[in-house]
Amino acid sequence: MHYPEYDIIQHYPAEQTVCFSKVDKEWGLLSNFAKTPMVVNGVDFVCVEQMFHYIRLNNETERTEYLKVSPGMALKMKAKAFAKRGVEQSDWKDIAVDVMRFCLNHKYASSEAFRKELKRSNGRYIVEDESNRHKRPDSWGAILDTATNEYYGKNIMGCLLMELREKGSLEYKLPEDIF
């Protein structure tokens, strides 16, 4: 990704951290997969993950097919399969974080429960816990170092959620024809 402001490994003391990884666990409402229905530009979305990957696709045929995918990890896997077929926005790496900001703004505006959950996390770090999925953190989350009892990683998703909690909205720049 081409977002140098997030190209830093951060460290978060576990005892001061709110972690999410699965929607059926505590803090799961912070996840992109949490069911928080939204309507954007006349399109119904069940969750942020669905909207994010819908925007990732660059044509209506794939977008229509993608909306038929059941919620859950299938959303992410199907989007990756589409991307491998070359139907991804050509500038995706340059706009992915801004697309996530756009999606999170809509989740925040559409879901009172999400807003309350963010407020409940106040005073703590927010981390997308990838400890069970990765040996090293990817850009979006962090993993727990049991030796130091700290989460570490770029934690872009956690950073965006903390900023949204603080400001009530996220700034983004997207092409006008993104939808």
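Which cysteine sulfur is the closest to the sulfur of Cys159, and how far away is it?

Tutor: This is a predicted model, and what follows should be read with that in mind. The cysteine sulfur closest to that of Cys159 belongs to Cys19. The two sulfur atoms are 13 Å apart, which is too far for a bond. A disulfide requires two cysteine sulfur atoms within 2.5 Å.

We may now turn to a pair of helices. Helix 4 comprises residues 92–110 and helix 6 comprises residues 156–167. In general, two packed helices are described by the angle between their axes and by the distance between those axes. Here the axes come within 11 Å and cross at roughly 45 degrees. Helix 4 is therefore oblique to helix 6. The crossing of these two helices is right-handed. On the side of helix 4, the contact is made by Val97, Met100, Arg101, Leu104, Asn105 and Tyr108, while helix 6 contributes Ile156, Met157, Leu160, Leu161 and Leu164. Of the residues in this contact between helix 4 and helix 6, nine are nonpolar, one is polar and one is charged.

Ser110 is also found in helix 4. Its relative accessibility is 41%, so Ser110 counts as partly exposed. Leaving aside residues up to four places away in sequence, Ser110 touches Pro37, Met38 and Arg115. Ser110 and Ala34 are 76 residues apart in sequence, yet their C-alpha atoms are 13 Å apart in space.

Helix 1 spans residues 48–56 and is mostly covered, with nine of its nine residues buried. Among these buried residues are Val48, Phe52 and Ile55, and also Glu49 and Arg56.

Gln89 lies in the loop between helix 3 and helix 4. Not counting residues up to four places away in sequence, Gln89 touches Ile55 and Arg56, together with Leu57, Asn58, Arg63, Ile95 and Ile178. Gln89 counts as buried because its relative accessibility is 15%.

Most residues other than glycine have a negative phi. Asn41, in the loop between strand 3 and strand 4, has a phi near 50 degrees, a positive value in a residue other than glycine. Asn41 is exposed, because its relative accessible area is 61%. Asn149 is placed in the loop between strand 6 (143–145) and strand 7 (150–153). The phi of Asn149 is near 55 degrees, again a positive value in a residue other than glycine. With a relative accessibility of 36%, Asn149 counts as partly exposed.

Note on methods
Residues numbered from 1 in each chain as written. Predicted model: local features only at pLDDT ≥ 70, side-chain atom pairs only at ≥ 80, totals over all residues. Heavy atoms only, no water. Axes fitted to C-alpha atoms, helices over the stretch in contact; angles between N-to-C directions. Helix = DSSP H or I, 4+ residues; strand = E, 2+ residues; numbered from the N terminus. Parallel < 35°, antiparallel > 145°, perpendicular 65-115°, else oblique. Left-handed = near helix turned anticlockwise from the far one by under 90°. Contact = heavy atoms within 4.5 Å. Nonpolar A, V, L, I, M, F, W, Y, C, P; charged D, E, K, R; others polar. Buried < 20%, exposed > 50% of the residue type's maximum accessible area, 1.4 Å probe, protein only.
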